[in-house]
Amino acid sequence: MSTVTDLLATLVAMPTITADIPANELALDFIEQYLAARGMHCRRHTYKGRTSLTASTRKENHKNPTVLLAAHNDVVPGDESQFTLHEADGKLYGRGVYDMKFATASYLQLVDDLAQAGTLAQYDFGLMVTADEEANMDSSVEYLVGAGFRAGVVLLPDSTAPGWEMEKIAKGWWRFDLLATGKSVHGSRPWEGESASIKLIHALHELKEHFKDHGPPTDSLNIGSIHGDGVYNRVPDRMAAKVEIRLADETSSAKNKQLIDKLCAKHNVQYETFSLIEPVRPIVNVPLVDTFKDVVEQTTGKRPEGFVSLGGSDAPYFTKAGVPCILSCPMGGGHHSGEEWVSKASFLQFVPMLHTFLEQTAKHPTSSAAASVDTAGSLV
């Protein structure tokens, strides 16, 4: 019989890099077959060429369960060695272990436990697994929420909160290209032209000075790349920088837009917005969220007090629709790096927490409730 750690190893071994659509399809096939064989009602959805999966314990309530367990199964690129789970010093290492295949593995184990106990049909919960969260565009979650998917509460353990702390606000971001244009001439006579690269460097240097003291509680700046079509002996007439400003609170976007407008006017450069996500304050003042806090406290001995997250997630799409969303995860780190890890002890707390949480919130036995297996065959 497989364990939740075995399931995590299986998922990590699937190279579900966001751009690899076939690999993500195969992973969703595995997840769907596993869930359907245990009595979950599964549906696939396609949005702009990408597939996602939803599943529910009750077919008639597929779009609006009491609890929705959400996760993304896609990951950022990594070395081949990262797609093999390994353990060292109480930590599990591998691409996606923290961001966020630990959650999908835990959901599968939960469903298996309830199916083996013969109690799955007594619960009203659903799953949503997407494959494009790391793409930063054309979100399947946004599409599904727009198609009417809701829940009493969404559990989305895609956070940077340490050890089951809960997000009280997640920073947003403004991603834009800062563009400089000039006049191209031969590199031996730069005074006859106008260097787009020099203009851009001056603008970026001044921009950097506004963020020299940035940190966790403040707006922050990252310059992801500087690129153009120049060569050694030609003055470039176009250069661009990919800029991201993380937004700490509700005043940040207006304040930074004013800053960039002044910067562009001063240095004769322009900007083109790629995406703007405002900071998110998840809806947490509801009894279902309080119950999750109780479960965390019972499990860990510490009640979540609230955490400012530095990273983004799919939570804004739920929050904008008025759906409470819990962002809390086990102890881990190194996501998007070569040393991504999750604490094994903290990870192993999740399935028992899910059992307790659903027992207290989503167990609604009815005389007519009955699980049905949609996929023939033995359990996967």
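Does W164 count as buried or exposed, and at what relative accessibility? I looked this up first: W164 counts as buried, at 2% relative accessibility. Buried here means under 20% relative accessible area, exposed over 50%, and partly exposed in between, with a 1.4 Å probe and protein chains only.

**Entry: ground rules.** I am working on a predicted model, in which local features need pLDDT of at least 70, side-chain atom pairs count only at pLDDT 80 or more, and totals for chains, interfaces and linings use all residues. Residues are numbered from 1 along each chain as its sequence is written, and side-chain values use heavy atoms, with hydrogens and water left out.

**Entry: the whole chain.** I found ten helices and 16 strands in the chain. Helices (H or I, at least four residues) and strands (E, at least two) are DSSP runs, numbered from the N terminus. Along the principal axes, the C-alpha atoms fill a box of roughly 85 × 45 × 40 Å.

I then looked up burial and contacts. Of the 380 residues, 52% are buried. Taking contacts between residues at least 6 apart in sequence, I find that 79% join residues at least 24 apart; contact means heavy atoms within 4.5 Å.

**Entry: surface and charge.** The chain exposes about 16,700 Å², and carbon and sulfur atoms supply 53% of this area. The areas come from the Shrake-Rupley method with a 1.4 Å probe; for residues, only the protein chains shown count as cover. I also have 35 positive and 47 negative charges, with mean positions 5 Å apart. Lys and Arg count as positive and Asp and Glu as negative, while His and the chain ends are not counted. Each charge is placed at NZ of Lys, CZ of Arg, CG of Asp or CD of Glu.

**Entry: helix α1.** In α1 (residues 4–12) I list V4, T5, L7, L8, L11 and V12 as buried. They lie on the same side of α1, because they cover an arc of only 155 degrees around the axis. The arc is that of the directions from the helix axis to the C-beta atoms. These buried residues pack against α2 (21–36), β5 (91–93), α3 (97–117), α9 (344–347) and α10 (350–361).

**Entry: helix α3.** S106 is in α3 and is buried, with a relative accessible area of 0%. Leaving aside neighbours within four places in sequence, I find S106 in contact with V4, F347, F350, V351 and L354. M100 is also in α3. The peptide bond from D99 to M100 is cis, with omega near -10 degrees.

**Entry: positive phi.** Back to W164, which sits in the loop between β7 (153–155) and β8 (167–170). W164 is not a glycine, yet has a positive phi of about 70 degrees. N268, likewise not a glycine, has a positive phi of about 55 degrees. N268 is in the loop between α6 (252–267) and β12 (270–277) and counts as partly exposed, at 46% relative accessibility.

**Entry: P282.** I placed P282 in the loop between β12 and α7 (287–300). P282 is buried, at 7% relative accessible area. Not counting residues up to four places away in sequence, P282 touches E167, K168, I169, T319, C325 and L327.
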